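Trainee: I would like to go through this model chain by chain. Could we work by question and answer?

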Amino acid sequence: MRISKGGLLVIMAFLTPLIVELRTVLSWFGIRLSVVETGALGLALIGAVLIWALWPSNGGTEAKLA
Amino acid sequence: MNIHTYEKTWLAVSMVLIVGFIATVTYGAVGPGIAMIDDDGGSIDPDTINDDERFNDPGVTHVGENEYEAAVVAQAWTYTPSEITVPANSTVTFYVTSRDVTHSFTVAGTNVNTMVVPGQISEMTVEFDEPGEYGILCNEYCGAYHHTMEGKLNVVPQDEFDLTELSTDASDEAQLGNQTTINTTVSNDMNYDLETTATLEIGDQQSLEQDVTVPAHGSETVEFAVDTTDLGTGDHDWTVTVDGHEESDTLTVTNATEGGDGDA
Amino acid sequence: MAMRNAYIDQFPKEARVIRAILWSSFLALTIGGTLGLIQGLHRTNVLRFIPSQDYYTVLTAHGVLLVITFTIFFLVGIFTWAVTTSLDRGVKDIRFTWGWYAIMMIGTLLVGVSILGGVVDQIPMNADVLYTFYSPFQAHPAFYVGFVLFVVGTWLAGFDWFRTWWAWKKDNPDERIPLPTFMALTTMLFWYLSSIGVAISILAFLLPWSLGIIDSVNPLLTRTLFWFFGHPVVYFWLMPAYMLWYTMLPKLSGGKLFSDPLARVVFVLFLILSTPVGIHHQYLDPGIAEGFKFIAMTNTMFLLLPSLLTAFTVVASMEHGARQRGGKGYLSWLKALPWRDPAFTGMALAGLMFAAGGFSGMINAGLSINYLVHNSWWVVGHFHLTVGTAAALTFMAASYWFIPQLTGKEIWNRSLGLVQVVLWFIGMTFMSNAMHRAGLFGMPRRTAEPQYQGFDFEPAVGTVAEIDAQVALGAALLTLSVYLFITNMVLTTIGGSTSDAIPDNTYAGTLSGPEDAPVIIDNLKLWTSIAVVLVIIAYSLPLASIIDAGGLFGPGIDPWKPSVVADPSLVLESVRGVMP
């Protein structure tokens, strides 16, 4: 893991406002997402963060302190 | 006192932000002239609203070329009038007061928004550029049915707008052979005279016309004399049309022998 | 057995009274939070099981229980901790402390019962007047008496702390006021100043009026007196959170407070500027000249300064803590923070959401743009970020540190605590974001059914249904979070085992200490005098012109008792009756 469990939980929480407002921002550029599409995009983002977080860190240069 | 350099920078940026906010609000007031609700409306004893010149007949009045005044009385849980119509490209000054508790007069989704405090008159001038339909709502809690308090604001194209109102006084029933009258009072709340023609259509046959001049902020009654002999017995639908406004009802002509007490 | 030095070991008597106070606070939070869920589901038309008329009773109770009872009980508890801990001496007479707590409790019960009368027929009382109790709404006298008792209790609490400080000063004549005590005292000073407004409003007008001694009140006057108190009270809720961010968060981060002098400056600014701003709640009121609104706007904008300074100091202190823990890099230090600690994470998230709430507050403060959002749901979104998160989440997070200090027991489940604070953040994100957006298209606050016959709201993006769904989801998550919190607290208190591993009762040290602050900063008399002068400048003319125009007792305003509930169709009939 590249990050502590607590840190991961907080990152997940931070994603919430981003996902919620992503469609508002996109609509400025004329891209209108439905609720389902927004949900799918959100899940993809969460998945990406999980993969990043769970990927074994190489060499342990980034110490886990938390 | 020892303040870190970064903190000094932050302090300076914060002050710029604060002064910037004050400057933009000041510019809004001085430049484009965004006026606030203030004490210009004056105060009023809620018990005297019915005697007040402005509020005894609330509604829209024409006061200048493209200038109008709208008097509104709020009370739990309605506005009087509940529907307000004004023309596009006009400047409307609203005067709103409350008969009971604190309300608001809020045009949903716009900055037309004022508190309506009993004892006070809220005065607010609004420019309407485009035609449109808006909801009016009360956004201050005013009792158990607060959520039912709403109204309507219609901004109509200038050429569809007038302040003509009709009210008609006519009997529902007449005896064959008698003459009856249909009196239509035309009121005009524009600040110029209304010169127009009043038309009565009754039954299939008769069509009567009268020219009428209604003074500014005044009213004029048009009297149509209807001869029941020409109509014959039975129900006759009639319509009075003045300046595009219509009033209609039905006149029942009876034989002299039947239904003498006017049981319409 | 290792020597444990928690608060309960140092001040066992004070710990008992603070426990009682915090439990009163938590109880108010649990009831108030549950009522919030009822409202969230009702307004959004997800689930309506009460009649819409009763919505306003629920709303009154939700407002009073959360913004008065929950927050202020927490404040008096935590300030008692702050004063005794930082002066390292107990209160002068513990019976006096129990006394003011009892007065506050009696006040709460009177207010609570009179509000409950709005839905329980057996209680012949009614106080469906919301937290602002604007006249001519008239509540049962018990509501006003209870409110006054509660405020008097807080005044006595302040006296308790001042008395403790005076005693300490006698023994330590040359020492600077310790920072937590300084914060408690400056907060109390603006509280004394501002609560005079609500005291006059109730004692001179509303209470005699509800007892039938006077016939009429001036609604604009009582309203202005309410806001004289009504804005400072929001800082009263916030100051304990600020105190915790300054004195606890740096410690929990593993470091020290960046600057003690600036912390003092911040609290002095709050003392000076909290009160002469109340008219910014009345930007849309008739009967108040534009110039007075302008003065309130200017003062409000300058009141941003202490909050902006706090944002800097708090983040700088957290970074210092992270670097002490081995954090490196421009942003990588964030990873070194103790994210597993619910007390730290909760406070950090609360501070972050307060930044968002601060931004929407800047919009509210803008005299002209305020017309777009005044009394809309936007405002509700705003204060759920401020009092509803900056204060509430900080208080809950701090409890994960305080309850062990006060009970000598370990938290029952710290991981659950972490989940709880994160859940609050997520729930509030959904709810307050949607409320802000709904306000922008004009949806009103304080409305049981914001669905109208004659028109529909038009969101710029998305639909009203999506906004409603976000609010309902957010409200459900927040209520779940409250229940997780209270469960954890109950099980800690009754089930937890006494532990020797409770950390010592200390607060954060400072990088730049009080010796760096000029002595004049501790001159409370000077700052109080300046605050009084500013209040006189901001309020004397508006109050004089309101009284001049509408009279001290108003132009014959009839009381309106919300208990008289009529059917709207009958009301419409009566309207036709009174119209000429």
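The questions below concern a predicted model.

Trainee: How spread out is chain B, judged by its radius of gyration?
Mentor: Chain B has 2 helices and 18 strands. For its 264 residues the globule rule gives 18 Å, and the computed value is well over that, so chain B is more spread out than a compact globule. The C-alpha trace spans about 110 × 40 × 30 Å along the principal axes. The radius of gyration of chain B is 27 Å.

Trainee: What percentage of the residues in chain B are buried?
Mentor: Burial here requires 20 or more other C-beta atoms within 10 Å of a residue's own. Among contacts in chain B with a separation of 6 or more, 63% join residues 24 or more positions apart. Of the 264 residues in chain B, the buried ones make up 38%.

Trainee: Which element of chain B gives the most to the side that touches chain C?
Mentor: The contact takes 60 residues from chain B and 76 residues from chain C. On the chain B side, helix H1 (5-30) and strands S3 (78-80), S7 (113-116), S9 (132-137) and S10 (150-156) each supply at least two residues. By class, that side has 25 nonpolar, 25 polar and 10 charged residues. The element that gives the most, with 9 residues, is H1(B).

Trainee: What does the UniProt record annotate on residues 22-494 of chain C?
Mentor: In the model this span is 72% helix and 1% strand. Its end C-alpha atoms lie 15 Å apart. The unreviewed UniProt entry labels the span "domain: Cytochrome oxidase subunit I profile".

Trainee: Are helices H13 and H16 of chain C roughly parallel or roughly antiparallel?
Mentor: The axes of H13 (residues 342-365) and H16 (residues 414-440) of chain C come within 9 Å and cross at roughly 10°. Angles under 35 degrees count as roughly parallel. Because of that crossing angle, H13(C) and H16(C) are roughly parallel.

Trainee: How many charged residues are in the contact of H13(C) with H16(C)?
Mentor: H13(C) contributes residues including Pro342(C), Leu349(C) and Met353(C). Those from H16(C) include Arg414(C), Phe425(C) and His436(C). By class the contact has 8 nonpolar and 6 polar residues, and the number of charged residues is 1.

Trainee: Which helix gives the most to the side of chain C that touches chain A?
Mentor: The contact takes 18 residues from chain C and 19 residues from chain A. The chain C side divides into 10 nonpolar, 4 polar and 4 charged residues. With 7 residues, the helix that gives the most is H16(C).

Trainee: Where does UniProt place the feature "transmembrane region" in chain A?
Mentor: One span, residues 7-29 of chain A, is 96% helix and 0% strand, with its end C-alpha atoms 33 Å apart. Another, residues 35-55 of chain A, is 95% helix and 0% strand, with its end C-alpha atoms 30 Å apart. The unreviewed entry places the feature at residues 7-29 and 35-55.

Trainee: Is Asp504(C) buried or exposed?
Mentor: Asp504(C) lies in the loop between helix H17 (464-495) and strand S2 (510-512) of chain C. Leaving aside residues up to four places away in sequence, Asp504(C) touches Asn5(C) and Ala6(C). Asp504(C) has 12, so it is exposed.

Key:
Residues numbered from 1 in each chain as written. Chains lettered and ligands numbered in written order. Predicted model: local features only at pLDDT ≥ 70, side-chain atom pairs only at ≥ 80, totals over all residues. UniProt positions renumbered as here; feature names shortened; annotations may be inferred. Helix = DSSP H or I, 4+ residues; strand = E, 2+ residues; numbered from the N terminus. Contact = placed C-beta atoms within 7 Å. Rg over C-alpha atoms; globule rule 2.2 N^0.38 Å. Nonpolar A, V, L, I, M, F, W, Y, C, P; charged D, E, K, R; others polar. Axes fitted to C-alpha atoms, helices over the stretch in contact; angles between N-to-C directions. Parallel < 35°, antiparallel > 145°, perpendicular 65-115°, else oblique.
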